[in-house]
Amino acid sequence: MQLCITSEHMKQLKDLGRRCYPEEACALLIGNDACVSQVIVSENIASEPKRFFEIDPTVRIKAEKQCREDGRAVIGVFHSHPDGDARPSKTDEKMIYEPDLFWLIASVDNANKIEIAAFHPSSDDGFEKAELKIEGK
Ligand SMILES: [Zn+2]
């Protein structure tokens, strides 16, 4: 599995992860054929946003409507782990409701250091690591 994304969108996600620290950031990834062409930021509406994330359903509905109109699709979700690791948590594993979505997960710390890794639900229960192909300079 491979997800391609431009360096510009990566920067947008990194800025978002840093801005939301110490809370988890979240966003939808829009595109075609495993290539991200738009990032739609959502407010994290989880009741404990420092520990969990939940994308605002109205943001998702609006994104789906836009995708129907322009022929793209929601292909992934992004969220950050403040002071955590750039890999799925046990909670994340329980939140795989859509087996076709990529997951981009960022680790971010109080020194603004941020790393992003890509994952995809595997055929068994958990996630497998996906390749992240970054395009542009
Ligand atoms: Zn998580």
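The model is predicted.

**A strand pair and its hairpin**

Strand β2, which covers residues 26–32, runs antiparallel to strand β3, residues 35–42, and seven bridges join the two. One of these strand contacts can be followed residue by residue: A27 has V41 in β3 as its bridge partner. The hairpin formed by β2 and β3 has two residues between the strands, and in this hairpin D33 takes a positive phi near 45 degrees.

**The nonpolar cores**

The largest nonpolar core contains 20 residues. The members that touch the most others are L3, L13, L29, V36, F78, L104 and I116. At least two residues of this core come from each of β1 (2–6), α1 (7–20), β2, β3, β4 (73–82), β5 (102–108) and β6 (114–121). Strand β5 supplies the largest share, four residues. Apart from this core lies another, of 18 residues, which includes F53, V59, V74 and L101. As a general background, nonpolar side chains in soluble globular proteins tend to be buried together.

The surroundings of L104 can be listed in detail. When its neighbours within four places in sequence are left aside, L104 is in contact with L3, I5, L13, L29, V77, F78, H79, I116, A117, A118 and L132.

**The aromatic pairs**

A search of the whole structure finds two aromatic pairs. They are set out below.

| Pair | Distance between ring centres | Angle between planes | Arrangement |
|---|---|---|---|
| F53 and W103 | 6.1 Å | 85 degrees | edge-to-face |
| W103 and F127 | 4.9 Å | 70 degrees | edge-to-face |

Why does the pair of F53 and W103 count as edge-to-face? The planes of the two rings stand at 85 degrees, and planes over 60 degrees apart count as edge-to-face.

Each pair also connects separate parts of the sequence. F53 lies in the loop between β3 and α2 (57–70), whereas W103 lies in strand β5, so this pair ties together parts that are 50 residues apart in sequence. In the other pair, W103 of strand β5 meets F127 of strand β7 (residues 127–135), so parts that are 24 residues apart in sequence are tied together. Through these ring pairs, F53, W103 and F127 are linked into a cluster.

Are F53 and W103 buried or exposed? Both are buried. The relative accessible area of W103 is 4%. F127, at 16% relative accessibility, also counts as buried, because the limit for a buried residue is under 20%.

H79 lies in strand β4 and D92 in helix α3 (residues 90–94), so the pair ties together parts that are 13 residues apart in sequence. Both H79 and D92 are buried.

**A proline in a loop**

P49 is found in the loop between β3 and α2. This proline is buried, with a relative accessible area of 16%. Leaving aside neighbours within four places in sequence, P49 is in contact with E23, E24 and N44. From P49 to Q38 the separation is eleven residues in sequence and 24 Å in space, C-alpha to C-alpha.

Definitions and conventions. Residues numbered from 1 in each chain as written. Predicted model: local features only at pLDDT ≥ 70, side-chain atom pairs only at ≥ 80, totals over all residues. Heavy atoms only, no water. Pairing = 2+ DSSP bridges. Core = buried A, V, L, I, M, F, W, Y, C linked by side-chain atoms within 4.5 Å. Buried < 20%, exposed > 50% of the residue type's maximum accessible area, 1.4 Å probe, protein only. Contact = heavy atoms within 4.5 Å. Phe/Tyr/Trp six-rings, centres within 6.5 Å; stacked < 30°, edge-to-face > 60°.
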